[in-house]
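This report describes how parts of a structure pack against one another. Please look at the model below before reading on.

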Amino acid sequence: MSDEKDISAFERETKRVFDESVAGLDAATRSRLTQARYRALEERRPKRSRGWGFTLVPAGTLAATALLAWFIVVRSGPDVGLQQVTSVDDLEILLAEEDLEMLDEDLEFYGWLEEQPEFANADDGVG
Amino acid sequence: MELALSIAERGAGLDREGALDSGAEIEAFLREVEARAYRIAAMNIRDRDEALDIVQDAMIRLVRSYSHRPSEEWRPLFYRILKNRIRDEQRRRMVRSRVLSFFGGTASEEERDPIAEAPGASSDEPLERATSGDAMQALERALTELPARQREAFMLRNFEGLDVAQTAVAMGCTEGSVKTHYSRAVHRLREMLAEHGEEQRA
């Protein structure tokens, strides 16, 4: 029992001595430790990797999707248009970023197609 | 659609809030442990700059690899990283010392710093000033006499206040081994410091 008490006292004393030595650290060392902490915390910051080009892709995709949806809804019959656009498979295809390039290239073609007389009445169930 | 966007925005907001909370929490944790970690590294390495580098490296590794873990795991993980870095440095020094002795020089000659050895010079060094108390110097000397595992167990349990389970994680051993190492360390240190006390009195 006495030995246990002595050990506890010894443990408390060594802890006190160590704590005092930590409290006695000089300002220069504390400053270096603060710098080290800031350096470590920088690891948490998100890495800047994407430029504006990547930021604009989703906006471009959304605009192209809206345009295509308008084409389909206006040019198709009311019974099939919304159904086609809102199906999961179609949305996946429409939202895929690789489709954006294709859409940009074909917009002129869709415009030209719209002006052709043989397609003027395309919503009669054939086109 | 609006509902989905609203949920997504709210989720993103919570993520940002969570990240901020977690950032403040890990900063508070590092601030709490940095000085103690430095003292432990300095006691093992006996080199102020090297000890600072080791602490910085341990903090970086913790933040980079484990900041997403629950905060209660940070302490044992941090001390495990610190312990491994101290061991790495000690091994590196040992190898350098052997290489130097193989080529005819001695490590002690190479590493001897005449300025540090000049009379009265040591008390001007920040590291030495921090440990200038007789009790701390005696404790440090006694700790260097212990086997590495006993020293680690003592520092983590006594100085850092880790419990047995946390110390086992930090040391990478079983809780039973921690108890054995710690118990032996305490008894050996008591003996050595008692001898030191008697020498001082004589």
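The axes of helix 1 of chain A and helix 7 of chain B come within 9 Å of each other and cross at roughly 110°. That angle makes helix 1 of chain A roughly perpendicular to helix 7 of chain B. The model is a predicted one.

On the chain A side of this contact are T14(A), V17(A) and S21(A), which meet A135(B), M136(B) and L139(B) in helix 7 of chain B. Sorted by type, the residues of this contact are four nonpolar, two polar and no charged.

Helix 1 of chain A, which covers residues 2-23, also holds F10(A). With 17 other C-beta atoms within 10 Å, F10(A) is partly exposed; a residue needs 20 or more to be buried. Once its neighbours within four places in sequence are left aside, F10(A) is in contact with V186(B) and R190(B).

**Chain A as a whole**

What does the secondary structure of chain A come to? Chain A has six helices and zero strands. Read along the sequence, the pattern is α-α-α-α-α-α. Of the 127 residues in chain A, 8% are buried.

**The side of chain B that touches chain A**

How many residues of chain B are in contact with chain A? There are 29 of them, and they touch 25 residues of chain A. Several helices of chain B supply at least two residues each to this side: helix 1 (2-45), helix 2 (48-66), helix 6 (126-130), helix 7 (134-145), helix 8 (148-159) and helix 10 (175-201). Helix 1 of chain B gives the largest share, nine residues. By type, the residues of this side of chain B divide into 15 nonpolar, six polar and eight charged.

**Helix 2 against helix 2**

Another contact between the chains pairs helix 2 of chain A, residues 27-41, with helix 2 of chain B. The two pack at an angle of about 25°, and their axes are 8 Å apart. Helix 2 of chain A is therefore roughly parallel to helix 2 of chain B, since angles under 35 degrees count as such. The crossing of these two helices is right-handed.

From helix 2 of chain A, the residues R32(A), L33(A), A36(A), R37(A), R39(A), A40(A) and L41(A) take part. Facing them in helix 2 of chain B are L52(B), V55(B), Q56(B), M59(B), I60(B) and V63(B). The residues of this contact comprise nine nonpolar, one polar and three charged.

**Helix 8 of chain B**

A further helix pair lies within chain B. Helix 8 of chain B packs against helix 9 of chain B, residues 164-171, at an angle of about 135° with the axes 10 Å apart. This makes helix 8 of chain B oblique to helix 9 of chain B. Helix 8 of chain B passes helix 9 of chain B in a right-handed crossing. In this contact, E152(B), A153(B), L156(B) and R157(B) of helix 8 meet T167(B), A170(B) and M171(B) of helix 9. Their types are four nonpolar, one polar and two charged.

| Helix pair | Angle | Axis distance |
|---|---|---|
| Helix 1 of chain A, helix 7 of chain B | roughly 110° | within 9 Å |
| Helix 2 of chain A, helix 2 of chain B | about 25° | 8 Å |
| Helix 8 of chain B, helix 9 of chain B | about 135° | 10 Å |

Helix 8 of chain B has 12 residues and reaches 15 Å from its first C-alpha to its last. This is close to the 16 Å expected at 1.5 Å a residue. Is helix 8 of chain B largely enclosed by the rest of the structure, or largely open? It is largely enclosed, because nine of its 12 residues are buried. The buried residues include F154(B), M155(B) and F159(B).

R149(B) is also found in helix 8 of chain B. R149(B) counts as partly exposed because it has 17 C-beta neighbours inside 10 Å. The C-alpha atoms of R149(B) and M171(B) are 8.2 Å apart, although 22 residues separate the two along the chain. Just after helix 8 of chain B, G161(B) takes a positive phi of about 75°.

**A loop residue in chain B**

R46(B) lies in the loop between helix 1 and helix 2 of chain B. The phi of R46(B) is near 60°, a positive value in a residue other than glycine. R46(B) has 14 C-beta neighbours inside 10 Å and so counts as partly exposed.

Definitions and conventions:
Residues numbered from 1 in each chain as written. Chains lettered and ligands numbered in written order. Predicted model: local features only at pLDDT ≥ 70, side-chain atom pairs only at ≥ 80, totals over all residues. Contact = placed C-beta atoms within 7 Å. Helix = DSSP H or I, 4+ residues; strand = E, 2+ residues; numbered from the N terminus. Nonpolar A, V, L, I, M, F, W, Y, C, P; charged D, E, K, R; others polar. Axes fitted to C-alpha atoms, helices over the stretch in contact; angles between N-to-C directions. Parallel < 35°, antiparallel > 145°, perpendicular 65-115°, else oblique. Left-handed = near helix turned anticlockwise from the far one by under 90°. Expected span 1.5 Å × (residues − 1).
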